[in-house]
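Visitor: I would like to learn how to read the packing in a model like this one. Could you walk me through it?

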Amino acid sequence: GSRKNFEKTMDQVEKELGRESGPWFIAGEMPSVVDLQYVSHVERMAASVLYWKGLRIRGGEASDRWPNVERWFDAFEQRPSYWASKSDFYTHVRDIPPQYGPGHQDDTPEIGVWVSDGGQALEAKSHISGEGGAWQLPIDIGSSALEPVSPHMDPGNHAAVARFACRGAGEQGRKRFQAPLADPYASPNESLQPDVEKLLQAVVFAMLQGADASSTVSTKVAADIKGRHGKEAARCLMYLSVHSPKKEGSMDENEDVAENGDVARERVGVPRDMSYPAAMQFRGHLNHFINLLSA
């Protein structure tokens with residue numbers, strides 16, 4: 001019943017968007033306040049109904065049922081200002097539960113397999129969560145409208161970022177919060193900070209130069225640090241790239257890094273911390289260095 005009512009509402013949205021020849025709710029070359037107010041809500045819906053219900057409102061069969069909705073999103077995605085404020089599906093599905101309560105997954109055939117536009121069968125929930133190589137290089141952000149993104153690290157803040165990452169090999173805070181990524185009482189392993197700073201500088205260098213062009217430097221930096229404490233350094237990068245360890249307390253020195261990453265969750269928020277394309281590249285390059293350290 002709820003699914004059918006949602007689909008009927010989308011049918012009405014589709015009808016309203018079809019009243020004008022252009023892509024917007026109100027005729028004009030620019031999106032109106034109606035479009036700007038509505039798009040963030042529909043963007044969040046597109047993420048949540050796919051993640052928890054296995055229902056697409058963009059791409060695939062959804063493009064046939066709601067082509068005007070697809071045209072509307074496409075028009076937004078031609079605008080750099082939209083990409084600067086656009087979130088990603090993972091950030092949406094992680095932000096919704098702490099604000100509105102937990103999502104409830106449907107036990108239906110639709111939730112199991114989602115067929116991508118390229119014809120590849122994927123489990124939507126796992127793919128959104130970065131599993132199955134979704135956040136491994138090379139990263140395909142799926143839009144020719146995007147310009148290459150040059151990341152930057154504030155020289156006055158890089159030490160603080162590295163120290164924060166060192167929580168990944170430190171102690172979890174005893175006090176826990178509803179938001180699963182919140183851990184303000186965690187204690188970093190500060191002995192790792194110099195090497196973590198080197199790793200983060202190598203990550204930024206690789207993002208600017210490209211993984212292939214920077215492969216020699218990346219391999220050398222990772223090999224040098226891996227010889228001292230590769231698993232601990234990988235966990236520090238995971239703390240930026242993914243969620244904290246599976247169990248409470250300190251890290252087990254013998255715990256497998258890759259296994260810990262399989263159940264982890266992404267920490268970078270879009271667009272709070274980075275734009276969508278920059279965040280995807282950052283995730284992919286962090287995982288590249290995690291792979292080098294844990295190989």
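Guide: Gladly; let us begin with one residue and its neighbours. Leaving aside residues up to four places away in sequence, valine 196 touches Ala162, Ala165, Cys166 and Cys236, where contact means heavy atoms within 4.5 Å. This is a predicted model, in which local features need pLDDT of at least 70 and side-chain atom pairs count only at pLDDT 80 or more, while totals for chains, interfaces and linings use all residues. Residues are numbered from 1 along each chain as its sequence is written, and side-chain values use heavy atoms, with hydrogens and water left out.

Visitor: Which residues touch the most other members of the largest nonpolar core?

Guide: In soluble globular proteins, nonpolar side chains tend to be buried together. A nonpolar core here is a set of buried Ala, Val, Leu, Ile, Met, Phe, Trp, Tyr and Cys residues joined through side-chain atoms within 4.5 Å. Buried means under 20% relative accessible area, exposed over 50%, and partly exposed in between (1.4 Å probe, protein chains only). The largest core has 43 residues, of which Val196, Leu237 and Leu293 touch the most other members. At least two residues of this core come from each of helix 2, helix 6 (89-100), helix 8, helix 9, helix 10 (193-209), helix 11 (215-241) and helix 13. Helices are DSSP runs (H or I, at least four residues), numbered from the N terminus. Another core, of 19 residues, lies apart from it and includes Val13, Ala62, Phe73 and Phe76.

Visitor: How many residues of helix 4 are buried?

Guide: In helix 4 (residues 67-76), 7 of the 10 residues are buried, so the helix is mostly covered. Among the buried ones are Asn68, Glu70 and Trp72. Their cover includes helix 1, helix 2, helix 3 (61-65) and helix 5 (80-85).

Visitor: Is arginine 19 buried or exposed?

Guide: Arginine 19 counts as exposed because its relative accessible area is 53%. It is found in the loop between helix 1 (2-17) and helix 2 (33-53). Its side chain makes a polar contact of 3.0 Å with that of glutamate 16; such a contact is a pair of N or O atoms within 3.5 Å, and within protein one must be able to donate a hydrogen and the other to accept it, with residues adjacent in sequence counting only if both atoms are side-chain atoms.
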